[in-house]
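Here's a friendly walk through one protein model. Take a look at the structure first, and then we'll go through a few of its details.

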Amino acid sequence: MWQVLTSPLLAIAAGTTTASSQGIDVRAPEFSAHIRNGAVVELKAADGTSYVRAAREPGGATIHREETAHATAALEAHTELTSGQSAAASYGEFADLPGARLEARYALDTDTGDLVIEQRATGAAPGIWGVGCWLDEIPLDYAILVPGGSGLRLTRDTPGPAFQYDYPMTWEVQLVIIEGPAGGCCAWAEDPRGRYKRLVVERRATGWRIGLISINDAPFDALTSCESVRWRVSTYTGDWRVPARRYRDWWEATSQPVPVVQQQPAWVRDMRGCVITGLDLAILERLSTQFDPAQTMLYVYDWRAAGYDRDYPDYARMRPELLPYIARAHALGFRVMLHVNYFGVDPLHPAYAQFERYQVRSPWGAHDKEWWIWSLAEPEIRFAYINPACRAWRDFFTQAMVDLCRQTGADALHLDQTLCIFNDHNGRIDGLSMLEGNLALHRQLREALPQVALSGEGLNEITCRYEAFAQRHVWGLDHTKGTFDRRWLQAAHPISSYILRPFTVMYG
């Protein structure tokens with residue numbers, strides 16, 4: 001539900017005043033802004049530095065239905081918004097979407113000085129999945145910092161004209177920063193619940209355009225409305241760490257993740273190295289001469305009798321070398337982590353009949369089932385993605401992990417593909433979205449195995465709360481093909497690490 005942040009409330013409707021007197025002028029202590037067609041088209045710092053300027057081809061607030069983003073052409077009547085005030089505006093005239101309306105509320109937060117934007121879209125036609133506000137346009141001299149893809153800095157030289165990051169899979173932290181030489185501006189979602197959302201970054205010849213899109217929980221087919229999260233926009237002085245630290249402080253207070261230095265089991269704070277290894281005892285002996293075992297974790301990925309990524313969720317049958325390997329590793333002082341998959345079920349495994357109805361489906365198109373398919377192997381590797389919102393799956397998987405750790409004495413579990421958090425077309429299962437199910441499975445494992453550390457693939461605000469370790473990807477590096485793109489490697493930036501690293505140790 002919307003909340004009125006301040007008073008008074010100024011009602012605004014699309015009017016017929018002249019173009020020069022239309023739009024909302026925002027006067028904050030640290031910046032000034034102008035809103036037109038529901039988009040932020042100007043944003044200047046108090047010293048006059050311009051971060052957002054009027055575009056040659058201005059856009060507007062958008063309603064997203066099926067495969068189309070419908071932008072409004074409606075204009076606001078002129079008003080001024082200053083600290084301690086909020087305003088409402090109503091928009092129609094959405095291209096190819098007759099009968100659609102968007103109600104927006106703008107406010108200047110008295111405590112922080114932020115511009116706060118909230119939207120509610122309605123339309124006569126079903127299939128509405130999102131509502132978007134935009135910053136249009138940003139000079140190309142500025143860089144766009146995205147806490148996604150392990151951390152990226154997009155510049156005029158970054159390959160590609162448009163970039164899309166979906167929270168929480170590829171947009172790992174719900175923040176975006178526009179970086180100038182001595183300051184900049186930022187936008188973030190004040191969303192403790194964890195709604196699905198999307199960041200769009202478009203690079204035109206004349207500047208950047210940024211879209212902040214709130215997304216409904218799937219299924220979308222019958223939906224005729226969408227309410228946004230609360231977006232905050234502000235400027236900052238200094239380097240990018242200023243807004244990143246402010247966001248991290250808010251997220252930490254809201255989500256209460258445990259810093260690595262306070263986590264249990266206590267040994268996780270001592271780890272300084274991770275070695276991805278097989279079960280060769282001769283190599284293990286040599287590793288003990290090259291690494292300090294007390295500070296090293298051995299990540300054993302191919303230990304199951306069925307082979308790597310095959311016959312999930314069979315975790316009972318293991319290669320005969322495993323137990324002697326773990327015993328020797330422990331004797332040398334190493335910690336051992338075993339590879340598992342947090343939602344994988346082979347369609348030929350007996351468990352598939354039990355869990356097939358909970359297989360994740362795409363919210364788009366024909367709502368196909370989601371699979372991992374590796375056709376380069378012989379025979380092909382294939383397994384279904386089961387939504388961890390299903391309580392029966394969480395119980396099944398947790399018991400399998402308890403049995404595995406008791407039998408092997410493993411110190412940690414690598415939960416593969418935990419970054420995969422889809423907006424499942426099946427809708428809520430046992431009352432939970434897949435995002436909430438991901439959290440529930442992590443929490444259940446930690447409660448069942450308090451002395452076993454958890455690791456995951458990728459890292460975001462969701463998985464960071466319970467994972468002591470995380471395997472990070474390098475954007476532009478394809479390890480399966482042994483190829484890389486140096487232009488994308490140069491886009492790597494520590495913004496994601498800065499926000500998430502206090503709570504999770506990262507490894508390659």
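## A serine and its partners

A polar contact here is a pair of N or O atoms within 3.5 Å; within protein, one must be able to donate a hydrogen and the other to accept it, and residues adjacent in sequence count only if both atoms are side-chain atoms. With that in hand, look at Ser90: its side chain makes a polar contact with the side chain of Glu103 at 3.0 Å. The Ser90 side chain also has a polar contact with the side chain of Arg101, at 2.6 Å.

Ser90 sits in strand E9, residues 86-91 (helices, H or I with at least four residues, and strands, E with at least two, are DSSP runs numbered from the N terminus). Is Ser90 buried or exposed? Ser90 is buried, because its relative accessible area is 14% (buried means under 20%, exposed over 50%, partly exposed in between, with a 1.4 Å probe and protein chains only).

Residues are numbered from 1 along each chain as its sequence is written, and side-chain values use heavy atoms, with hydrogens and water left out.

The protein averages a pLDDT of 94, and 96% of the residues score at least 70 (pLDDT is the predictor's confidence in each residue, from 0 to 100). Over residues 1-20, though, pLDDT stays under 50, and the model has 60 contacts beyond four places in sequence for that stretch (contact means heavy atoms within 4.5 Å). Where pLDDT is low, the predicted coordinates should not be read in detail.

## A buried valine

Val233 belongs to strand E21, residues 230-237. Val233 counts as buried because its relative accessible area is 1%. What is Val233 in contact with, leaving aside its neighbours within four places in sequence? The list is Phe31, Leu43, Asp114, Leu115, Ile117, Cys186 and Ala187.

Helix H5 (residues 391-408) and helix H6 (residues 434-448) have axes that come within 10 Å and cross at roughly 35°. Those axes are lines fitted to C-alpha atoms, for helices over the stretch in contact, and angles run from 0 to 180 degrees between N-to-C directions.

On the H5 side, the contact is made by Arg391, Trp393, Arg394, Asp395, Phe397, Thr398, Met401 and Val402. H6 brings Gly437, Ala440, Leu441, Gln444, Leu445 and Ala448. By class, the contact of H5 with H6 has eight nonpolar, three polar and three charged residues (Ala, Val, Leu, Ile, Met, Phe, Trp, Tyr, Cys and Pro count as nonpolar, Asp, Glu, Lys and Arg as charged, and the others, Gly among them, as polar).

Most residues other than glycine have a negative phi, and most peptide bonds are trans. Now for some exceptions. The peptide bond from Asp136 to Glu137 is cis, with omega near 0°, and Glu137 is in strand E12, residues 128-138. Another cis bond runs from Glu378 to Pro379, also with omega near 0°; Pro379 is in the loop between strand E26 (371-374) and strand E27 (381-385).

Asp309 has a positive phi, near 65°, and lies in the loop between strand E23 (296-300) and helix H3 (322-332). Asp430 has a positive phi too, near 50°, in the loop between strand E28 (412-416) and H6. Asp309 is buried, at 7% relative accessible area, whereas Asp430 is exposed, at 54%.

Methods
This is a predicted model: local features need pLDDT of at least 70, side-chain atom pairs count only at pLDDT 80 or more; totals for chains, interfaces and linings use all residues.
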